[in-house]
Amino acid sequence: MGRLVQVTVSQGWRALKLWDLPAYCGALRPGNTSPAPWRAFERVYISCPFGRLLLLECLVLARRTRPRPRDPGARPSPRRAAMRTREEVDATLQVAKLNAAELLPTVHCLGFGLGASGAAAGDFCLLELEPALCQQLEAGHSLVIRGDKDEQAVLCSKDKTYDLKIADTSNMLLFIPGCKTPDQLKMEETQCNIIHTEIFGFSNNYWELRRCRPKLKKLKKLLMENTYEGPDSQKEEDSNCSKYTTEDLLDRIQASEGEIMTQLEVLNACEIGGYWRILDFDYEMKLLNHITQLVDSESWSFSKVPLNICLQELGPLEPGEMIEHCLKCYGKKYTEEGEVYFDLSADKICRATAQMLLQNAVKFNLAEFQEVWQQSVPEGMITRLDQLKGLALVDRHSRPEIIFMLKVDDLPEGNQERFNSLFSLREKWTEEDIAPYIRDLCGEKQTIGALLTKYSRSSMQNGIKVYNSRRPIT
């Protein structure tokens, strides 16, 4: 019997159990290398109760016997395929103008069994898998189909996400238990013989997987419904505020567990009382301000901030876990001589300070902003505009030059929608300006240049290459 591999399905999708079975990718003709439409399959997994099966691209004729008239009150008996003789097989080969010497001596005569004759094409599901996914299943891991009823289904492994779509094939795919492949027949070195086998099912399509970007925009949207403003906030006393555990997020977000956990880290989310929360930005800046003031008063280096002393000094003001979380958000943890320290990132602190200044202004005079920004960061830190990539945009064509907030997180998730949004904001972009806002759209082995070629057209303006939309923007 095949080894059962459970595939979990979330929300409204029908649960599937996929059985482990090898794929038969050979043909009856020795040395035949012509590719079948599904010959690239490394494995094929079929949802069926028949155990270990083989998928066969049939090159011999299959037929079903015509039912005989019977008494309506008589008990039905199973129908069996007609038994072909060797002479009939040789005659069929002669009609087909095939040389028997070029074929293997063993012949499979196929017939539809009782189960297959009453089955529909949709009773069996085929899933095309790449080698890496096959190895994960064989190692005992599971695959998960995720998506709400109004979303396109995706299939997720532990660390990757795939679009799940049905691909039709003009070749009928037959399911035959116990069917031997040409390699197996060669090893047996049998004489000319005929094997009568029954077809237990068939399919005219299969599920095709294509690697896609995880759909993570919904993750931030869910967590922003109820940001954490501190233990004394009135919202924490409201039991109706939405909160999400890891299982809740895995059930609602169309991404693998590894991709979700990585994105939670990018969003600086933390677990509070078993629920994932994002700190309210004002509260986060309050925590950061406590830490930077302590570093300044103790004359510490920002590259060596001791955790224990921070917890002792700031514990009366804020919960210790929040202080440590803020240190993790803005620095790297390391241990030296048994003590835990944090190396705080000047770029992250400068970026957060700029966001605090820009969030309350629609547009900011660039020169004035740079002066105020430099005065607002801790002493010894140097502000630079390249610290604001994906957060703010500079308009150098206006007089005076201005800067305004434009966060990549606020832009649409789809490729075409993202480019439409950017080109509606600005007609022409340099690659340097647009790159931070499309970098996350790049898939595997895809470059920013390839995206620009597909979704924009280039031209030269004052000796500088710029990009504009391929289609009119309304």
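Me: Where is Asn 268 found?

Reply: Asn 268 sits in the loop between α7 and β12. Those labels come from DSSP runs, numbered from the N terminus: helices are H or I runs of at least four residues, and strands are E runs of at least two. Before we go on, this is a predicted model, where local features need pLDDT of at least 70 and side-chain atom pairs count only at pLDDT 80 or more, while totals for chains, interfaces and linings use all residues. Residues are numbered from 1 along each chain as its sequence is written, and side-chain values use heavy atoms, with hydrogens and water left out.

Me: What is the phi of Asn 268?

Reply: Here's the general idea: most residues other than glycine have a negative phi, and most peptide bonds are trans. Asn 268 is not a glycine, yet its phi is positive, at about 60 degrees. Asn 462 is another case, with a positive phi of about 55 degrees although it isn't a glycine either. You'll find Asn 462 in the loop between β21 (456-461) and β22 (464-469).

Me: Which peptide bond is cis?

Reply: Look at the step from Arg 399 to Pro 400: that bond is cis, with omega near 0 degrees. Pro 400 belongs to the loop between β18 (392-395) and β19 (402-405).

Me: How many salt bridges does a search of the whole structure find?

Reply: A salt bridge here means a side-chain nitrogen of Lys or Arg within 4 Å of a carboxyl oxygen of Asp or Glu. Searching the whole structure gives 17 of them. Take Lys 158 and Glu 257, whose side chains meet with N to O at 3.3 Å. This pair links distant parts of the chain, 99 residues apart: Lys 158 is in the loop between β8 (154-156) and β9 (161-177), and Glu 257 is in helix α7 (residues 257-266). As for accessibility, Lys 158 is partly exposed at 43%, and Glu 257 is partly exposed at 30%.

Me: What forms a salt bridge with Lys 286?

Reply: That's Glu 318, with the closest N and O atoms 3.4 Å apart. Glu 318 is in the loop between α9 (307-314) and α10 (320-330), while Lys 286 is in helix α8 (residues 281-298), so the bridge ties together parts that are 32 residues apart in sequence. Now check the two ends: Glu 318 is buried at 6%, whereas Lys 286 is partly exposed at 42%.

Me: Which side chains meet at 3.0 Å, N to O, in a salt bridge?

Reply: Arg 384 and Asp 386 do. Arg 384 is partly exposed at 35%, and Asp 386 is partly exposed at 42%. Bridges can also share partners, and that is how Asp 148, Glu 151 and Lys 218 join into one network.

Me: Which residues in α11 meet α12?

Reply: Cys 350, Thr 353, Ala 354, Leu 357 and Leu 358 do, and their partners in α12 are Phe 369, Val 372, Trp 373 and Ser 376. Contact means heavy atoms within 4.5 Å.

Me: What is Glu 259 in contact with?

Reply: Skip its neighbours within four places in sequence, and Glu 259 touches Asp 159, Lys 160, Thr 161, Arg 211, Pro 214 and Leu 216. Glu 259 lies in helix α7 and is buried at 11%.

Methods: Buried < 20%, exposed > 50% of the residue type's maximum accessible area, 1.4 Å probe, protein only.
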